[in-house]
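Please read it alongside the sequence and the structure.

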Protein chains: 2
Amino acid sequence: MKRIFTLFATLVAFAMSLSAQSVISPGGNLTLTFSLEEGTPYYAVDYKGSPVILRSSLGLDLEGSDDLMGGFQVKATSESSFDEVWEPVWGEESHIRNHYNELLVELTQPATKRQMNIRFRLYDDGFGLRYEFPRQKRLQYFTVKEEQTQFALTGDHRALWIPGDYDTQEYEYFDSRLSEIAQLANTTTGSHASTTRFSDWGVQTAITMKSDQGLYITLHEAALVDYSCMHLVYDPESYTFTSWLTPDAIGNKAYMQTPCHTPWRTGVITDDARELLASRLTLNLNEPCALEDTSWIRPVKYMGVWWELITNKNRWSYTSGGNIKLADTDYSTLKPHGRHGATTENVKRYIDFASRYGFDQLLVEGWNIGWEDWSGKHKDFVFDFVTPYPDFNLTELQQYAGERGMRLMMHHETSSSIRNYERRMDRAYSFMVENGYNAVKSGYVGNIFPRGEHHFGQLMNNHYLYAVQKAAEYKIVVNAHEAVRPTGLCRTWPNLIGNESARGTEFQAFGGTQPRHATILPFTRLQGGPMDYTPGIFCMDIGSFSPGNKSKVLSTLANQLALYVTLYSPLQMAADLPENYERYLDAFQFIVDVPVEWSESRYLMAEPGDYVVIARKDKRSECWYVGGVTDECSRTVELSFDFLEGGKEYVAKVYADAEDADYQSNPEAYVIYEGRVESASTHTIKMARGGGFAISIREVTPEDKMVERLK
Amino acid sequence: MKRIFTLFATLVAFAMSLSAQSVISPGGNLTLTFSLEEGTPYYAVDYKGSPVILRSSLGLDLEGSDDLMGGFQVKATSESSFDEVWEPVWGEESHIRNHYNELLVELTQPATKRQMNIRFRLYDDGFGLRYEFPRQKRLQYFTVKEEQTQFALTGDHRALWIPGDYDTQEYEYFDSRLSEIAQLANTTTGSHASTTRFSDWGVQTAITMKSDQGLYITLHEAALVDYSCMHLVYDPESYTFTSWLTPDAIGNKAYMQTPCHTPWRTGVITDDARELLASRLTLNLNEPCALEDTSWIRPVKYMGVWWELITNKNRWSYTSGGNIKLADTDYSTLKPHGRHGATTENVKRYIDFASRYGFDQLLVEGWNIGWEDWSGKHKDFVFDFVTPYPDFNLTELQQYAGERGMRLMMHHETSSSIRNYERRMDRAYSFMVENGYNAVKSGYVGNIFPRGEHHFGQLMNNHYLYAVQKAAEYKIVVNAHEAVRPTGLCRTWPNLIGNESARGTEFQAFGGTQPRHATILPFTRLQGGPMDYTPGIFCMDIGSFSPGNKSKVLSTLANQLALYVTLYSPLQMAADLPENYERYLDAFQFIVDVPVEWSESRYLMAEPGDYVVIARKDKRSECWYVGGVTDECSRTVELSFDFLEGGKEYVAKVYADAEDADYQSNPEAYVIYEGRVESASTHTIKMARGGGFAISIREVTPEDKMVERLK
């Protein structure tokens, strides 16, 4: 009896060692093949019959216990399908289809009696895979030394990437062959308040590649919850990326308690770049909305006492000198330096302007005590989040805003002192509710306190989500800057209405950002969720209003308008100063008109790093809005209006670069013209170097009889 | 002009390089001499003309900047005196005199243009010194790599010490020559949930030494606020201790922002061991009470559902099996294992007993969900502090207790998951107030979360104080176990009514603690503040009620009674089970009678490691209580009652070891007898091996005519 059993077991093991199983995406575009070879799990992905991810190994290296990389047997496999349409609280479209075929591989590691499952989901535009650890006796708590997920590519693709860093994502993108990563990574310039590089070959996700065969591949992750953020490290010999997690203060990568699973590791794969933009894979791999009532979550268009601070025209601080101990400081006895931005008077000026043009909220930074000595000091008690400066009359201002149909937007800069923020969070959110705020911009500038932790480690990722979940209890929406890059969590927690987590417009005031940046973000950073990019700069010569600041905004004015369409966000800022908008009120009208809620989005033209043209339909009307941006090259596009409903006539108002516009020599030159269009119309628009265009389209009305057809 | 100035500066520098200045204690016992030699600050201390601390250097080594150890000049020195009497909210006496002479030395470091002051306070029973960093331009934020405070001793003294450890103080004391530290430190046995040793020559404070000339020296620190806890490392060649601070997760020792200062480094010095016990130096070097209203702070005598858990008779947990995720666990669906201690029924049994004998509170551990899987896992969300187990009816029990003149005492075990506790602290304290609690025992078992931090580092020290300050907002008193050793902070925050921070009675159930331990604690651990030692064990054979536990309590029953007097605390527990007290209700009467508030204390006999006899007067009556304990040796003491008021007659009730009592062979044998005493009376009492005695003394009444004179 014993001998027979042994023989049987051997046969099973032999069979398992060769076992391979494929799963095909619903429409047949993608095939993913799982195999177990000599105990090691592998996967490979084909797109339309061609390999995209070659045989790549899967597993995790554990700290203080046997690894989960080999010695496995397949216990069972199962396939299933899923197809549903869900409605996001906000998004690029009002209905999202989630359609995939799934392969679940249940593995056992006989030597340790442990179990690990790998779940694969195949979409027509990509795949997701994750490790799952069921409840079991021999694996309860474990520490991840490193995750060893490979992505073996088929060649030395062109890639759009930023260097791996545990603490900042605010880099300009490189556009290079993968083999050039190490050489270029060290040419990165610009200062970051907190930065920790770890490998010359390290990159951050989302990274978007293009093969010589014209295939687009975006690697990223979805549903980053209770785990550390994944970087990728490239091996040029094998064209292979391997996962590289963010460590904690003692060098470990993640702490797990079964039952649990990792985030999804995702690849979006397509031969049409527009489909990268249309992909909802990241959102679909997140859990459904966790909130019962979402009626209080509303997109927000806002202005802010912000750009004047960023450009150094005015200051966050109230008084001069550093070395402030908040607990010991009586601001009422201190002499103001006279350049404080968040004064009652100045804030009223913004409210007057913003309310005139229908904005929802006004962000005010520098309203609260502590800004004299907040950055780079690794302070514990750096802000209290509830005490205004003496010259900021919060009650008066919130009432002033309310009388004009607006609210103030709260600002919680934490200086990355997380212990302090968590200690004060309930009080800070209560204070917001008591004072009529319902949105907060939070910030994580500088190195993390407690020391040794990183912005993208598990402890911090748990903090960011904690802040969002707590905010939901208070019906507050959150826009977190310098937090970990989004991975679609806004599906589950739609009060996370924005993140920065990339190089935003502020860098235009710190020396500038190349025009191609805005043509890359939709394919990389925005794959995980919306970005508070803060567009809408109209005055490109910053020194003209902030003497001493030599920066020029590297964009045309029309390009700035286009960003409201091309960079999707339910939270959009008009970032420039009222006085700069006053100079070009006709162009400002586009910002006034453009909505922040959409029912449909059409990705008309796209090439990462070169150009993006997108049309979106307002969720609350029949109006459409189109935005197009280009990189450093001037481009002429032939725009088709076939996204419009057939048989209807519309009026299109075009905001385009003037003939002689140029982001370097003549950035503020634009033209505005109107014309009738219909579904069959086409129109040629020239984008200047660093330029773009914006179009607002509405149904024709009787008053429009004089409007001619658009040529 | 320039030459003259240079000459003058040289002269000053020359003079400064030899500068020495002494300060003498008010009564002349102590002389401290400061000197600056070749730019390095030194101090030395004499006691009654003999050297105690030889020339010892002072300074700090900084991380990332020049050190603060040399290159100094004396800018100014100033002397002052202080003498006041203050009234503690609770204490060993109702009035405390704070009388010292002070020397402030202001130093400059010309090469760096930085300033550092050293403040010395001389008492007749010891000294304190601290570093102060005034507000200045060239020193604002700095990081302490190591504090370099030396204590150069005069010889290889005998010492009572425990090994240096960043995470636990729960060691038995060694009684050895200083030269034997390294050899003995590694013989330490016993398991600790969190332990980090750092040097064979490292010890913790308070450490008490005795020179061959009979001089007692206790080194410790006072007012440990916003700094890391100090250890000492011994150099046997030079008989010198040097400070060694507790590091943080990245290896730094402390982070400072000027103006600021270190805690006081203290030496209590005397030729009479009783004066060590009478010293109030640690309290006096703390700031006055920070609370306006202290009326809500009351000493507490309590029992607890605790010893039955510690001895493993019953359990904290409700159900079997580990690996619980609190957020996902519905306890109402789980099967109880039947050995849960904190059941409504069992708690009522304790309340019935404790209320009959006038106790104030009943501690209940294991009342809240999470105990199935709480320890050693380094979990983040380990307890929620507000959800009772299904079989613990909190509302019913608090009412049941209230009807009997008692309250329940809250228990917050944090499992050292500090982030979780701080996130939930406001809610946890609010819950206490809503449910009638006003005292909390908190616990910090296991390694600290966030990982890499230590129990005694600056981050944790700030946490412990934060918990006490927050508690004060809710009028809650705190008894923190496994927290940093006290340094007199209870003067400033008298709602810190207790700490463990040493090896308590629980270790009697974990294999035992040698009898001498209780004769050492008053000279070491208790120098910083009261200890929740949890005395009062009446059943020494633990296996008799908790089968399988082989531990014996290494103490006689009379010794257990004495501890209520010899180990001062405003929080005293009767730690044993009701059924064990029921067996010896006549002896239990002492615990019922003994108060927890005193107006006077007299230290009658004392030798560290050998014996302690103390008399204390009740704060609310004319009654006195005497306690005496001995080590492993039997001792006969001739007790004088000269602490009693002359001309009055008293009745003394003596609880003594029976003639054949012995902590090993016959620990529960005691005798009780009464007799009349007066100020001139003496009485001879024999303490058994591991024994002791307790006496309650009250004024004679007419009913006492039959009571004979005590012989």
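The contact between the two chains, where contact means heavy atoms within 4.5 Å, takes 29 residues from chain A and 30 residues from chain B. This is a predicted model, in which local features need pLDDT of at least 70 and side-chain atom pairs count only at pLDDT 80 or more, while totals for chains, interfaces and linings use all residues. Residues are numbered from 1 along each chain as its sequence is written, chains are lettered from A and ligands numbered from 1 in the order in which they are written, and side-chain values use heavy atoms, with hydrogens and water left out.

The size of an interface is often given as the accessible area lost when the parts come together. Here chain A and chain B bury about 2,800 Å² between them, 46% of it on carbon and sulfur atoms; buried area is the accessible area (1.4 Å probe) that two parts lose on being put together, summed over both. On the side of chain A, the residues that lose the most area to chain B are A:Asn323, A:Arg423 and A:Arg451, which together account for 26% of what that side buries.

Between chain A and chain B there are 23 residue pairs in polar contact, both residues being at pLDDT 80 or more. A polar contact is a pair of N or O atoms within 3.5 Å; within protein, one must be able to donate a hydrogen and the other to accept it, and residues adjacent in sequence count only if both atoms are side-chain atoms. The elements that give two or more residues to the side of chain A that touches chain B are β19 (254-257), α8 (418-434) and α9 (458-473) of chain A, and α9(A) gives the most, with four residues. Helices (H or I, at least four residues) and strands (E, at least two) are DSSP runs, numbered from the N terminus.

The count of salt bridges between chain A and chain B is four, a salt bridge being a side-chain nitrogen of Lys or Arg within 4 Å of a carboxyl oxygen of Asp or Glu. Over all chains, a search of the whole structure finds 104 salt bridges. The table gives two examples.

| Salt bridge | N to O distance |
|---|---|
| B:Arg423 with A:Glu422 | 2.6 Å |
| A:Arg419 with A:Asp380 | 3.1 Å |

Turning to the sheets, two strands pair if DSSP finds at least two bridges between them. Chain B has an open sheet of seven strands with parallel pairing, in the order β27-β26-β25-β24-β23-β22-β28. At its edges stand β27 (496-499) and β28 (571-573) of chain B, each with a single partner strand, so one side of each is left without a neighbour in the sheet. Strand β22 (residues 300-305) of chain B pairs with β28(B) in the parallel sense over three bridges, and B:Lys301 has B:Gln572 in β28(B) as its bridge partner.

Chain A has an open sheet of three strands with antiparallel pairing, in the order β5-β10-β19. Its edge strands, β5 (60-63) and β19 of chain A, each pair on one side only. Over four bridges, β5(A) pairs in the antiparallel sense with strand β10 (residues 141-147) of chain A, where A:Leu60 stands opposite A:Glu147.

Which backbone features remain? Most residues other than glycine have a negative phi, and most peptide bonds are trans. The peptide bond from A:Thr258 to A:Pro259 is cis, with omega near -5 degrees, and A:Pro259 is placed in the loop between β19 and β20 (260-261) of chain A. Another cis peptide bond joins B:Phe449 and B:Pro450, with omega about 20 degrees; B:Pro450 lies in the loop between β25 and α9 (458-473) of chain B. B:Lys48, although not a glycine, has a positive phi of about 45 degrees, and B:Lys48 is found in the loop between β3 (40-47) and β4 (50-57) of chain B.
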